[in-house]
Amino acid sequence: MIDQAKVRVLLLESIHPDAVSRLEEDGFAVESVSSALDEAELIERISGVHLLGIRSKTKVTAKVLEAADSLVAIGAFCIGTDQIDLATASASGVAVFNAPFSNTRSVVELAIAEIIAMTRRLTEKNALMHAGVWDKSADGAHEIRGRRLGIVGYGNIGTQLSVLAENLGMSVSFFDTADKLALSNAHRCASMDELLETSDIVTLHVDGRPGNAGFFGAEQFARMRPGSLFLNLSRGIVVDHLALRDALRSGHLAGAAVDVFPTEPKGRGDEFLSELRGLPNVILTPHIGGSTEEAQSDIGGFVANKLAKFLIDGNTTLSVNLPGVVLPEQPGLHRIVHVHVNTPGVLAQVNRILAEHNVNVEGQLLSTRGEYGYLITDIGKGYSDSVLEQLRAMEQTVRLRVLS
């Protein structure tokens, strides 16, 4: 049974106050920390925590999950979840939720702003003005209208960027390993090379899965058109920054905008080190693609609500790693949540145990995804402890929770 007053929540990396307010509404005890924690620090603090909230810097490793003796769910208050060991979380029956849509507009607007700033060489003009130099000249400054934007990764952000770029008069090409429908007049490239060789501006919007590490390096920069621009607002590990520096210093690239880095400081005010510092017409931002007040408020409320609903009702809508199940709450009943290895006959075995103890099933819903199944069963109030003992003892059981 859940005693909501005893539920502990740990939120890291300055998660928006709206998340704190939402979780406190259900009586949970919420601790909010401004910075990320490394593995050792998180292991030290994770014991007794039921809900964990992170952003992109904190790594939830297998060792962290092993030390998490009470953890029920993890909320990634961002889009990506590659900082979480999803396989181990699933094997532990820990649900993972993220915010796949809430900050897409903010990232897209930053990309558009940086494209315009680099095309007009605003960073250099601004630096000269602050140095007292009046350099009124059109040399090297262009409109973005009529230029071709190449988008690598045509997901939620890439597609929205595609639409806005076309509205500004740009032509759009995209490349994605998955089969994606082209929006409006966007051109799907048959290969990455085609995109690189035909685009005036190349922007990356891919995830941080291990297979993407270092996939954009010297070979890809060499294939880009001379004088083109490069943006990365996805994950720092996907780009070879030494190769990017060389392409900028040689003049092959006219500019770059980078918001994400292979290694990032843990907290605000810490020193930032990068091979790209000090280069002209290079915009460096501290991983703020989704950091608008509007986006962070939306993310805070959205993910916090998913965490609370899962803890109290067991519903897994939009869970990243567990099958999606929503069963309307029925007052006066007990709800049993059963995470199990997806093998034939589990449902029959669960219902046989219930029937042998004369427990009536009032509502039931099962869904499976890959290796795991997720079963919600609503039963009457009268049942013995041996029912739960037998369900937990099933060979396929990963985790059993009684919610009400």
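Which residues in α1 meet Ser 297, Gly 300, Gly 301, Ala 304, Asn 305 and Ala 308 in α11? They are Asp 18, Ala 19, Arg 22 and Leu 23, where contact means heavy atoms within 4.5 Å. Before we go on, please keep in mind that this is a predicted model, in which local features need pLDDT of at least 70, side-chain atom pairs count only at pLDDT 80 or more, and totals for chains, interfaces and linings use all residues. Residues are numbered from 1 along each chain as its sequence is written, and side-chain values use heavy atoms, with hydrogens and water left out.

Let us stay with that first pair. Two packed helices are described by the angle between their axes and the distance between the axes. Helix α1 covers residues 17–25 and helix α11 covers residues 293–313; they pack at an angle of about 30°, with their axes 7 Å apart. Helices here are DSSP runs (H or I, at least four residues) and strands likewise (E, at least two), numbered from the N terminus. Axes are lines fitted to C-alpha atoms, for helices over the stretch in contact, and angles run from 0 to 180 degrees between N-to-C directions. Angles under 35 degrees count as roughly parallel, over 145 as roughly antiparallel, 65 to 115 as roughly perpendicular and the rest as oblique. α1 and α11 are therefore roughly parallel to each other. Their crossing is right-handed; that is the word if the near helix is turned clockwise from the far one by less than a right angle, and left-handed if anticlockwise. The contact of α1 with α11 divides into 4 nonpolar, 4 polar and 2 charged residues. In this scheme Ala, Val, Leu, Ile, Met, Phe, Trp, Tyr, Cys and Pro count as nonpolar, Asp, Glu, Lys and Arg as charged, and the others, Gly among them, as polar.

Next, look at helix α5 (residues 104–119) and helix α7 (residues 156–167), which pack at an angle of about 50° with their axes 9 Å apart. That angle makes α5 oblique to α7, and α5 passes α7 in a right-handed crossing. Among the residues in contact are Val 107, Val 108 and Ala 111 of α5 and Leu 161, Leu 164 and Ala 165 of α7. By class, this contact has 8 nonpolar, 3 polar and 1 charged residues.

Val 350, Ile 353, Leu 354 and Glu 356 of α12 make the contact with Val 387, Gln 390 and Leu 391 of α13. Those residues comprise 5 nonpolar, 1 polar and 1 charged.

Now for the spaces. On a 1 Å grid over the protein atoms alone, a cavity is a set of points where a 1.4 Å probe fits but cannot get out, and a pocket is an open set with protein on both sides within 12 Å along at least five of seven lines; lining residues have an atom within 4 Å of a point. Grid points are joined across faces, edges and corners, and a volume is the space filled by probe spheres set on the points. There are 2 cavities of 30 Å³ or more.

The second largest cavity holds about 40 Å³. Its lining consists of Ile 336, His 338, Val 350, Leu 354, Leu 375, Thr 377 and Leu 391, with 5 nonpolar, 2 polar and no charged residues.

The largest cavity holds about 50 Å³. Its lining includes Val 72, Phe 310, Tyr 374 and Arg 399, and β16 gives the largest share, 3 residues.

Finally, the second largest pocket has a volume of about 430 Å³. Of its 23 lining residues, Ser 56, Lys 57, Lys 59, Phe 261 and Pro 262 lie nearest its centre. The lining has 8 nonpolar, 7 polar and 8 charged residues.
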